[in-house]
Amino acid sequence: MSRVLFTDVRIIDGEAAEAYPGEVLVEGEWIAAIGRGRLARDDAEVVAGNGATLMPGLVEAHAHPSFTNARDLHEFARLPVEEHLLATIENARLLLDHGFTSLFSAAAAKPRLDVVVRNAIEAGRIPGPRLRAATQEMTPSGNLGDLDTIELTLPPQVRFAVTCDSPDAFRAACRRAAREGVDTFKVNVSGDRGFEEWGAGSAATVMTEAELAAVVEVAAARGKRVAAHATSAGAVKLSLRCGVEVIYHAALADEEALDLLESKRDCVFVAPTVGFPYTLLHEAQDYGVRHDEATRRKLESELESIVHNASAMRRRGIRVLPGGDYGLFCNPQGRNARDLEHFVKLLGFSPMEAIQAATRHGGALMGGPDALGCIKAGHLADLLLVDGDPLADIAILQDPARLIAIMKGGVFHKPPPTRLTQRLAAE
Ligand SMILES: [Zn+2]
């Protein structure tokens with residue numbers, strides 16, 4: 001069994017309130033021991049950290065590995081499946097290169113992209129993070145993701161979303177997705193920005209209780225998770241009433257929705273997805289998109305309410321996780337660790353809280369079967385060796401050059417420079 005010993009590191013373990021100096025021993029896939037002093041060298045490969053930070057690998061809670069930084073959803077539908085698969089493979093690797101050792105997907109842009117890439121990663125055929133594979137977005141007609149009414153009807157294999165208009169239709173879509181091997185059913189319970197003229201703006205709740213209950217029922221029977229796009233207060237409440245555990249956005253959650261979230265805080269995860277609305281408001285012009293005044297005001301108020309609600313959730317002890325719809329034009333893949341900076345600068349998280357949200361809570365979101373997300377004996381050895389102190393500057397996590405080494409399951413994806421490593425004879 002391989003043994004790797006990290007020495008002279010500052011450990012951020014995902015649980016403790018402070019970083020501490022010590023050593024960490026990895027045996028095979030697992031973290032075997034953490035020492036504040038010196039651990040036995042035996043025949044381990046020693047990585048001398050020279051004071052670098054050792055922390056758990058990051059988890060992206062709202063990943064879209066098949067999103068190709070497109071301007072609009074039509075581009076995803078138009079991309080032929082062969083090119084789309086290659087792009088998804090490249091994105092998976094890119095995210096691992098940037099320190100994300102786990103992705104919880106929030107929808108694939110075509111039916112089997114997540115599943116096929118997950119399987120290839122697990123089989124060791126391609127490099128990539130652990131991946132919880134999602135369905136496409138499943139949505140009622142005339143809502144976020146449904147492109148049919150505004151363009152030619154596309155054949156089902158290239159549709160961006162799966163439209164369902166009854167509990168039975170949702171049930172069938174879930175069962176077919178289960179047959180393909182997804183881990184997560186993604187449903188669009190609310191509308192979204194830009195769909196106002198269909199009566200499906202962000203404040204609208206467009207799935208019925210019977211439809212969502214059908215999805216949750218199939219998920220329970222098949223051992224799947226349900227993740228809900230839920231911007232409206234009604235969608236958050238409906239999702240929680242139906243037993244959905246993964247809530248995205250919650251931008252317009254009201255006090256009643258926040259109370260309900262708090263009452264379920266031990267089983268619920270929320271990813272507010274700050275990244276995309278932030279860049280859409282502040283950086284879209286760098287990509288040639290100019291907002292008119294009315295749009296700008298709407299985006300400002302959307303971001304304000306996301307910040308207000310996610311900050312309230314943090315204070316209420318609800319698990320709020322980084323993950324921000326990276327893979328859309330102004331919010332490209334690979335920059336995902338910027339969400340941690342948003343958590344600190346906008347939502348009032350301390351850098352340690354933001355890191356714990358992306359590691360310990362992220363590991364819990366991934367949902368096993370093995371323990372993940374902390375530097376703790378018995379957890380999977382997903383580790384980052386970071387040049388510098390992310391508690392002093394959370395933004396360094398966005399710079400892959402500062403990631404000295406990246407380990408997933410006890411194997412280096414990015415090995416440390418040879419000058420730091422040494423194999424010692426047993427002492
Ligand atoms: Zn998304």
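Helices (H or I, at least four residues) and strands (E, at least two residues) are DSSP runs, numbered from the N terminus. Residues are numbered from 1 along each chain as its sequence is written. What you're looking at is a predicted model, where local features need pLDDT of at least 70, side-chain atom pairs count only at pLDDT 80 or more, and totals for chains, interfaces and linings use all residues.

Let's start with the pockets. On a 1 Å grid over the protein atoms alone, a pocket is an open set of points where a 1.4 Å probe fits, with protein on both sides within 12 Å along at least five of seven lines, and lining residues have an atom within 4 Å of a point. The largest pocket is lined by 45 residues, and Asp192, Arg193, Gly194, Phe276 and Leu280 lie nearest its centre. Which helix gives the most to this lining? That's H9, with seven residues. Helix H1 (73-78), strand E11 (184-188) and helix H8 (275-282) each supply at least two residues as well.

Now find the second largest pocket. Of the 23 residues that line this one, Glu29, Ile121, Glu122, Arg130 and Lys408 are the closest to its centre.

Three strands, in the order E6-E7-E8, form an open sheet with parallel pairing; two strands pair if DSSP finds at least two bridges between them. E6 (58-63) and E8 are the edge strands, each pairing on one side only. Strand E7 (residues 100-105) pairs with E8 over three bridges, and leucine 103 has leucine 131 in E8 as its bridge partner.

Methods:
Side-chain values use heavy atoms; hydrogens and water are left out.
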